[in-house]
Amino acid sequence: MMFDVIAFDADDTLWSNMALYENTQHKLALLLTDYIDAEALDKLLFATETRNIRYFGYGIKSFTLSMIETAVKIMEDDNQNKIHGDIVLQILGFAKYMLTAPVHLIDHVADVLAQVAPSYELMVITKGDLLDQQGKVDRSGLAGYFSEIEVVIEKNPETYARILHTHRIDPRRVLMVGNSLKSDVLPVLDIGGNAVHIPHALTWAHEEIDINPESGLKHIELEHIGLLPAWLKNGAG
């Protein structure tokens, strides 16, 4: 098996992302502690986020709108006439911090990219808000490794097929590396590509998926990204 292109997911594959969201949800819980307990808030916020994906997509801006909508709903249920302006301002403050927060690379990422870049064309294929994702790429210091950075609305077989067609890449010659079976592995396998799954300790519930052990999925799972160069060297790439 030989690859010409390695495409990487970004959030929680190249850098930590979910931890930032969880930290913000904790701040929101403290902000609304007089109106709702943290567990109930998490469930309500997740339901709101899931419902809003069709309207706002993914990313921090969508998350912010869902936080505000959730707070409004909580206030209504608590017989408040309307949400307090200072609560909205604090939620917007959470979002502004998230959009400019330092990017923390996952262990081994910088070394891995330096090792594989001389032998493969590297791409990023990530979903979310363009400004948000491009900002993280820029702040990460990794942009120079990638020939293409694709920020998409959704990761499905059609999206991957379109990207590879645009860049004239044979799916059989591409390897996708990511932390989500749902977004980074299954849709790539569906179009005849190859995938390496690198689980992350924190996974957004929307990305969780149950896989039948007898499904026969032909993908590789590595404990951490630092193992990728050795796997490629040992005949995979």
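## A loop residue with positive phi

Arg168 turns up in the loop between helix 7 (157-166) and strand 4; helices (H or I, at least four residues) and strands (E, at least two) are DSSP runs, numbered from the N terminus. Arg168 isn't a glycine, yet has a positive phi of about 55 degrees. With 80% relative accessibility, Arg168 counts as exposed (buried means under 20% relative accessible area, exposed over 50%, partly exposed in between, with a 1.4 Å probe and protein chains only).

Asp12 is another non-glycine with a positive phi, about 65 degrees. Asp12 sits in the loop between strand 1 and helix 1 (18-31), and at 7% relative accessibility it counts as buried.

## What you're looking at

This is a predicted model, where local features need pLDDT of at least 70, side-chain atom pairs count only at pLDDT 80 or more, and totals for chains, interfaces and linings use all residues. Residues are numbered from 1 along each chain as its sequence is written, and side-chain values use heavy atoms, with hydrogens and water left out.

## The nonpolar cores

The largest nonpolar core has 26 residues, and Phe8, Leu175, Leu228 and Leu232 have the most contacts inside it. A core here is a set of buried Ala, Val, Leu, Ile, Met, Phe, Trp, Tyr and Cys residues joined through side-chain atoms within 4.5 Å. At least two residues of this core come from each of strand 1 (5-8), helix 5 (109-116), strand 2 (121-127), strand 4 (174-178) and helix 9 (228-236). Helix 5 gives the largest share, four residues.

Apart from that core lies another one, of 22 residues, with Met18, Ile36, Leu41 and Ile87 among them.

Searching the whole structure gives four aromatic pairs (rings of Phe, Tyr and Trp, the last by its six-membered ring, with centres within 6.5 Å; planes under 30 degrees apart count as stacked, over 60 as edge-to-face and the rest as tilted). Phe3 and Trp231 are stacked, because their ring centres are 6.3 Å apart and their planes at 25 degrees. Phe3 is in the segment before strand 1 and Trp231 in helix 9, so this pair ties together parts 228 residues apart in sequence. Both Phe3 and Trp231 are buried.

Tyr55 and Phe56 make a tilted pair, 6.3 Å centre to centre with 55 degrees between the planes. Tyr55 is exposed at 53% relative accessibility, while Phe56 is partly exposed at 40%.

## Salt bridges

Side chains of opposite charge can pair when their charged atoms come close. The structure holds 10 salt bridges, each a side-chain nitrogen of Lys or Arg within 4 Å of a carboxyl oxygen of Asp or Glu. One of them joins Glu69 and Arg51 (3.2 Å, N to O). Glu69 lies in helix 3 (residues 60-77) and Arg51 in helix 2, so the bridge ties together parts 18 residues apart in sequence. Glu69 is partly exposed, at 32%, and so is Arg51, at 45%.

Asp184 and Lys155 also form a salt bridge, with their closest N and O atoms 2.6 Å apart. That pair links distant parts of the chain: Asp184 is in helix 8 (residues 181-190) and Lys155 in the loop between strand 3 (148-152) and helix 7, 29 residues apart.
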